[in-house]
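Please look at the sequence and the structure first.

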Amino acid sequence: MILALLSSAPAARAFMQSRKVSPLLPPSASLAQAATTTHRKIAPVSFPSSSESRLYSVPSTPFDDGKSPFEITTPIYYVNDKPHIGHAYTSLACDVIARYMRHSGRDVFFLSGTDEHGQKVETTAKNAGMDPQSFCDEVSQSFRDLLTLLNVSNDDFIRTTESHHKEAVQHLWKTLMDKGAIYLGSYEGWYSVRDECYYNESELVDGKAPTGAEVEWVKKEDSYFFKLSDYEDKLLEYYESHPDLLAPVSRKNEVVSFVKGGLKDLSISRTTFDWGVPVPGDDDHVMYVWIDALTNYMSALGYPNMEEGSKFDKYWPASLHIVGKDILRFHAVYWPAFLMAAGLPLPKRIFAHGWWTKDGEKISKSLGNVIDPVDLVETYGVDPTRFFLMAEVNFGSDGNFSDEKMIYKINANLSNELGNLNQRIMTLVFKNCNKAVPVEMGELTDEDKKILATAASLRERTGTAISTQSIHEYVQHMVSMVWDANKYIDVQAPWVLKKTDTERMNTVLYVLMEVMRHVAILYQPLMPTSSNVILDQLGVPENEREFEHLEKEECKILPGREVSKPKAVFPRFEVPEPVSA
Ligand code: MSP
C-alpha cells in the first residue's frame, strides 16, 4: 500500500489531507459517511441539520436551543460546616455538563459559590468563638479548595458577603418594592434554622419540620412580606406553558401540588439578628437569607447592569440551575415569583437531583457517617471518584454509597474494561507496529464498519443524554462503547493475526485506536485527566481534542505517527473482606 511508503508522520498527514479520505476507505465510502447514516437512525433528538452549526452545538431540547451562551449554576453552599459528599456531588454534576457544553463549542458560564448570611451561619460562627466574617472567610475557602481538588471548572465563585452581591440584592429589593410586591407587616410562626425555612403548623411532623429539622417559634416581630399569594395562578400557568422548566417530573409534580395547596405571603426580613443584607431604607431589618442567596445567580453576572453586551445580557436567563431535591421549592416557587414580580426573565430549567445515603442510612453528623470527599479523592483518585459518583445513580434519584460498590465499579468499568483495553491496544501497536500507528492496512470488514459507526454516533447519543441532564445515560453510552470495543478485540484477536495476517492486524488495531479516540475525547467531561492521558498515548494533538474534531477527516488517528510505551491509566483496588453481620 502506498501509505507504507510514507515514513514520516507529517508526510503521511500531508498525504491524507491532500486526498481528504480516511486511510481505510475509498473516497466514495468514508467512515464519516458510514457513521452519519447510522447515527441519524439512533438519535431521538437531532443536531441542527447543517454540519457547520453542529460543530458548536449539542442536540436542542424544548428548553435549550443547544447553542446559545449557557449559564449553569450549583447551589451556593452554606458555610456552617465543611464540605461533604452532597456538595461534591452537585458540583461534579454541573462540572460534567459544563465541560460537555464547552467541548461542544458552547460559550459557558459555570457558577458556584458560598451562601454566607443568615441565622445558621451567625450561630455557628458564635459557637466557634469567631466573628461571622472571619468564620465565613475560612469555611468559604474550604469549598473553593474542594472544587479545585475535584478538578471542577467553575468560571466564577461568588460569595454573598461580597459588596457587589449585597448591592445587587438591595437593587432587586428596591425593584420589588417599587413594583408593589413588598409590604411591611408582622410575623409570628415556626422557623427552622437548619433549613432556613418557615413552616406552617400543618406541615410539622411530630413537632419537627418535614425534613426532620428542629423548629423554633418566632415571636411576633415586624417583618417585610413578599406578596407570594399573588403568584399562585401565575406560577401554575407558567409551569403549564413551560412543561420542561422543572425536572424530574416526579419532583415537578410535588411542586405543582404545593402551589395548588395555596401560597401565603412570604416573610422576607428579620429584626432579631443582623448577619444579613440590610433592607434598603430600614436598617432594623436584614433580608431573609433565601432572597439574598437566590440573587447570586444574577449578581455574578453583574446585575443590576443589564445593558446590551453586558454579561447579564449574554447569559441571563440561566440555562440550568442544578439543585438538590431539598431546595427545589425555593428555586421552583420563590425564585420564579421574585423574578416575575421584578419583571425579569425566568431560568430555562431547574433540575433537582437526589440524595446520597451511606449504607442505607441518612448521612448526618450525629450518626457519624459523613462521607468526606477529600478522603474519597485521597483513597481512589480524582477521576475514579468523579466516575463513580456520576455513574452509580440515575441523576435525579437517590443513591446509596458504599466503599464496596465504589471499588467494584472502579475495578470493573475503569481498570478492567477501559484501562485494560487501552493497555492491550497500545501494547500491541507498540510491540508489533514499529512503535507507530499502523500504516499498511486492508479493506474494512462489516464488523469494522459497525464499531466505527457506533463510535461515530456516540457524540449524538451522549449529547442527547447531557442535554436532558441524564448524566448516568451519558456514562452508560460510554461504558457500553468500551464493552463493544472489548468484544471486538476479543473476536478479532489481533495477537493471533500478528502471526497470520499483519495487514488485518494493522486494520484491527487502527480501528480500535480510532474508537479509543472517540471514547477518550467524549470522556473528557467526566474524567478530564485520565482521558487526556489516553489521548496522549494515542498521539492525538492537544488542539484536536474538541468534539468538532471527532468528525473531521483530517483529525483521525494518523498512520505512521509514533506512539510511546503505554502505561496503566487506572489503578485496581482490593475489595475489602465482607463484614459479617
Ligand atoms: N445555601 C443553600 C442553597 C442556596 S442556593 C441559592 C443550601 N446549601 S447547602 O450547603 O445546605 O446544600 C447544598 C446542596 O447540597 C443542596 O443542593 C443539597 O441538596 C445538597 N446536599 C446536601 N446533602 C446531600 C446529600 N446527602 N446527597 C446529595 N446532595 C445533598 O441548601
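A contact means that heavy atoms lie within 4.5 Å of each other. In this protein, residues 24 or more positions apart account for 77% of the contacts with a separation of 6 or more. The model is predicted, and local features need pLDDT of at least 70, side-chain atom pairs count only at pLDDT 80 or more, while totals for chains, interfaces and linings use all residues. Residues are numbered from 1 along each chain as its sequence is written, and side-chain values use heavy atoms, with hydrogens and water left out.

**Overall make-up**

The secondary structure comes to 23 helices and 17 strands. Helices (H or I, at least four residues) and strands (E, at least two) are DSSP runs, numbered from the N terminus. Of the 581 residues, 58% count as buried. Here buried means under 20% relative accessible area, exposed over 50%, and partly exposed in between, with a 1.4 Å probe and protein chains only.

Two strands pair if DSSP finds at least two bridges between them. By this rule, four strands form an open sheet in the order β6-β5-β7-β9, with antiparallel pairing. Its edge strands are β6 (197-199) and β9 (266-267), each of which pairs on one side only. Strand β5 (residues 182-192) is joined to β7 (residues 216-226) by nine bridges, in the antiparallel sense. Strands β5 and β6 also run antiparallel, with three bridges between them. The hairpin of β5 and β6 has four residues between the strands, and Glu196 there takes a positive phi near 45°. Some bridge partners are listed below.

| Residue | Bridge partner | Strand of the partner |
|---|---|---|
| Tyr183 | Phe225 | β7 |
| Gly189 | Val218 | β7 |
| Trp190 | Tyr199 | β6 |

**The second largest pocket**

On a 1 Å grid over the protein atoms alone, a pocket is an open set of points with protein on both sides within 12 Å along at least five of seven lines, whereas a cavity is a set of points where a 1.4 Å probe fits but cannot get out; lining residues have an atom within 4 Å of a point. Grid points are joined across faces, edges and corners, and a volume is the space filled by probe spheres set on the points.

The second largest pocket has a volume of about 390 Å³. Its lining has 21 residues, of which Tyr198, Tyr199, Asn200, Lys264 and Asp265 lie nearest its centre. The elements that give two or more residues to this lining are β5, β6, β7, β9 and α14 (328-342). Strand β5 gives the most, with four residues. The lining divides into 11 nonpolar, four polar and six charged residues. In this count Ala, Val, Leu, Ile, Met, Phe, Trp, Tyr, Cys and Pro are nonpolar, Asp, Glu, Lys and Arg are charged, and the others, Gly among them, are polar.

**Nonpolar cores**

In soluble globular proteins, nonpolar side chains tend to be buried together. A nonpolar core is a set of buried Ala, Val, Leu, Ile, Met, Phe, Trp, Tyr and Cys residues joined through side-chain atoms within 4.5 Å. The largest such core has 107 residues, and those with the most contacts inside it are Met390, Leu418, Tyr474 and Tyr523. Helix α22 (residues 502-523) gives the most to this core, with 14 residues. Apart from it lies another core of 75 residues, among them Ala209, Trp290, Leu328 and Val333.

Leaving out residues up to four places away in sequence, Tyr474 touches several residues, including Val96, Tyr100, Thr462, Ala465, Ile466 and Tyr523.

In α19, 10 of its 10 residues are buried, including Arg459, Glu460 and Arg461. Just after α19, Gln469 takes a positive phi of about 60°.

There are three cavities of 30 Å³ or more. The second largest cavity holds about 60 Å³ of space. Helices α5 (85-103) and α19 (458-467) each supply at least two residues of its lining. Among the lining residues are Ile97, Met101, Ile466, Ser467 and Gln469. The lining divides into six nonpolar, three polar and two charged residues.

Arg99 is also found in helix α5. Is Arg99 buried or exposed? Arg99 is buried because its relative accessible area is 14%, which is under the 20% limit. Beyond residues up to four places away in sequence, Arg99 touches Asn151, Ser153, Arg386, Gln524, Pro525 and Pro528.
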